[in-house]
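Colleague: Please take one part of this model and examine it closely. Then set it within the surrounding fold in a single connected account.

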Amino acid sequence: MNGFDEDDAFEAAARAVPPAGGPGARASLSQRAMGMDPARHPWLDDLNPAQRAAVEALDGPVLMLAGAGTGKTKALTARIAHLLATGRARPNEILAVTFTNKAAREMKDRVGRLLGHAAEGMPWMGTFHSISVRILRRHAELVGLKSTFTILDTDDQIRLLKQVIAAADMDEKRWPARQLAGLIDGWKNRALVPEKVPSSEASAFNNRGTELYAAYQERLRSLNAVDFGDLLLHVLVIFQTHADVLAQYQRWLTYILVDEYQDTNVAQYLWLRLLAQVHRNICCVGDDDQSIYGWRGAEVGNILRFEKDFPGARVIRLEQNYRSTPHILAAASSVIAQNAGRLGKTLWTDLDEGEKVRLIGHWDGEEEARWIGEEIEALQRGTRGMDPVALSDQAILVRASHQMRAFEDRFLTIGLPYRVIGGPRFYERQEIRDAMAYFRLAVSPEDDLAFERVVNVPKRGIGDKAQQVVQTTARGDRSSLLEGARHAVAASLVTGKAAVELRRFVENVDRWHAAVRAASPATAAPATGEDDALIELPDDAVPPAEDHSHVRLAEAILEESGYVEMWQNDKTPEAPGRLENLKELVKALEQFDNLQGFLEHVALILDNETDAAEKVTLMTLHAAKGLEFPVVFLPGWEDGLFPSQRSMDESGLKGLEEERRLAYVGITRAEELCTISFAGNRRVYGQWQSQMPSRFIDELPEAHVEVLTPPGLYGGGYGAAGAWAGAASAGAGGIFGASAVEARAARADVYNSPGWKRMQDRAGNRPVSQPREARHTVIDLDAVSPHDLGDRVFHRKFGYGHVTAVEGDKLTVEFEQTGPKQVLAGYVVAAVDAGDVPF
Ligand code: ATP
Ligand code: MG
């Protein structure tokens, strides 16, 4: 809520008199009240004729169907300003649906700027959900609710569904609540109340789907609660069954505007159609090529039906793109052209040619993150032939949130300020914090905060009461909570299931802690001094004793605690992402010698965070819809990751086309510089996986792409793209040669070559072959105390400096360029001639 009083909005709306007799009467009054010159419409000044037409065609249905960056949102915003300034509508008579609440706030600000004064009192500007809540509170009793209804989050929803399943005598293990939740959400997206679910779907959920859906709705009602899907559905039912209520809103909300129309689902579509039925002043803007929420029930067909539903609709096509350079636009257009069944659009721009889209391959994901970090800093300094680009003008857009970890780690290490949009930062995510709490307990069983966090996560029946007993016992004993728990169980202060589970928990922590101690760093083999992954070893050579036992222990902890299983059983759309994040966390561990080192690393990098206002943006492609940045990096263009294997497995060609639209959305976010990258290897759950460059890369137009070779210093001659670029140019006449398929095959050959495989095998067994990030294992450090006070050292980011303090393996170094910094010993090497720096 943005501090707006709902009731005021209703009262104001109720008092609002529809502008009878056209705009004239009220226009001059309101304009005079606003101190405006009615003849001046500055918001129209910088619109092109098509946009202007869309803004000025205030009456009747308008569909603005146009490609990315053509100024749809700009025109929509100008239209609101125009409605207000010409007195056509008061702020509370305009229904403006945006994709996020943030977008609504921004639009309101922009309208204010256009008008020259704040656009206050626009209660109906927001998302479908936020607007529905407002309406539903007002009329809750019409669907059997009280106006104080609560909105359930996913956890509550699942809990309730479990009860419903149990009450129906079904086995929740065979028929998981998450699955039922997905089914019900799907029906709600399609505006289907239980009685309306088609008989063809009656077999769902063991033939009882609809019955359980009805029972669930009854339960919700008795609890005076709704879930997210209900917000819209209830309002729709009210509109459909209470003509008087609908008529009220139809009268009040005289102008309707919808941004990102291509992503509306059936329920949203019906909701809009009902509201617009009488006055028909509805303006929808969208781009069929940017429909990326099919997996959540969005129906791109809604755009196609618009003219049918609103006969006589004015369809306005915008073709001039104001956002991106010709190269960027050409790249995006070429990729999306591969989709069948498009409405098809031409886009042009008169911007300067600018830079070609850049393409670069890397050895692995860490190298990709490092390279992008360096590029961002170089761009910020203005050393890339462009004017300096502020950090806030640069964005990295990823397909899957787990890709963010490598970037976050890198940026925290080098002190590059960043923000994650649309979700918490990697180490702040719920599943990562939970997992870290388990690791902390394994390392220090007396870590009470960690104990509290996970003692009942996953839920194992150690409820509040049992936890209170543990707290009291520990306080009485002046011991840690773990010891308190041990005592409480032994003395039978806790009984029943809680006691059994608490005992198991304590035993687990004991066992994990013993394993941590057994794998003390002293027993680990000293790291080798060279980057020797390329040296051939006889087949029977025994790899050094870097057994990665702490990685296996971490995996065991997550398995044995039931934590991984908890997310495996979770059928929410977020669950697969959370599992990916956990894998990513385990992967991160490989670069450390032990769990302690990793926990310290995280603590230290989080501590080094800056509060800089200027930050690089890190976000998913989905969250980037509608936004723009001068500089955009698109990493991870690898088949399976992007396009995502899951989406192709689940939806076949449809899934692939939605992925391609996502690629189009990604490229078209860039204004001046767009860089696409991929890695030849990604390590997933401790296993190297060799990656094929994304098929979308072959769809890029050669003339608009510049292929970069990874810098020799870092690529070291064995970077994926080094090998790849060489093979491509030698073998198939460049990656954009006559046959893209051949080029792909040539690349595949490189990946399949014995040399490549050997490198990978070695790399998989030996973290020392990590080209750069694992410097602290690569470098021949004195096992005990690698650096002493006064030592001259070199750090990849900060350069040369002298050690001024040593605390364990934390060093304070006075760097020659950047002054004092805290760094981990593993991140610096004894200074040698620059040419000898082994990374
Ligand atoms: P998307 O499909 O990505 O949502 P869009 O069609 O909504 O894009 P906008 O975000 O409205 O496009 O506009 C893209 C950029 O072009 C913005 O920076 C906007 O200010 C600029 N722009 C739009 N129209 C014009 C114009 N007529 N003159 C100058 N700049 C314009
Ligand atoms: Mg837009």
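Modeller: Ala104 is found in helix α6 (residues 101-115) of what is a predicted model. Helices are DSSP runs of H or I with at least four residues, strands are runs of E with at least two, and both are numbered from the N terminus. With a relative accessible area of 5%, Ala104 is buried (buried means under 20%, exposed over 50% and partly exposed in between, with a 1.4 Å probe and protein chains only). Residues up to four places away in sequence aside, Ala104 touches Thr98, Met125 and Gly126, a contact being heavy atoms within 4.5 Å. Ala104 and Trp124 are 20 residues apart in sequence, and their C-alpha atoms are 9.7 Å apart in space.

As to conventions, residues are numbered from 1 along each chain as its sequence is written, while chains are lettered from A and ligands numbered from 1 in the order in which they are written. Local features need pLDDT of at least 70, side-chain atom pairs count only at pLDDT 80 or more, and totals for chains, interfaces and linings use all residues; side-chain values use heavy atoms, with hydrogens and water left out.

Residues 125-126 form strand β3, which, like β8, is an edge strand, pairing on one side only. The open sheet in question has six strands in the order β3-β2-β6-β7-β1-β8, with parallel pairing; two strands pair if DSSP finds at least two bridges between them. Within the sheet, β1 (residues 62-66) and β7 (residues 282-286) are joined in the parallel sense by four bridges, and Met64 has Val285 as its bridge partner in β7. Helix α14 (residues 266-276) packs on the sheet, where it touches β2 (94-97), β6 (255-258) and β7, and its direction makes about 155° with that of β6. Such axes are lines fitted to C-alpha atoms, for helices over the stretch in contact, and angles run from 0 to 180 degrees between N-to-C directions.

The loop between β8 (314-318) and α16 (326-336) contains Asn321. Asn321 counts as buried because its relative accessibility is 0%. Beyond four places in sequence, its contacts are Ala68, Gly69, Thr70, Leu329, Trp348 and Thr349.

The nonpolar cores complete the picture. A nonpolar core is a set of buried Ala, Val, Leu, Ile, Met, Phe, Trp, Tyr and Cys residues joined through side-chain atoms within 4.5 Å. In the largest one, of 79 residues, the members that touch the most others are Ile376, Ile396, Phe439, Phe451, Leu585 and Phe598. Helix α19 (residues 430-443) gives the most to this core, nine residues. The core lies between domain 3 (357-417 + 610-774) and domain 4 (429-582), because both give residues to it; domain bounds come from an automatic or database domain assignment.

For the protein chain as a whole, the secondary structure comes to 34 helices and 21 strands, and 54% of its 839 residues count as buried. Among contacts between residues at least 6 apart in sequence, 76% join residues at least 24 apart.
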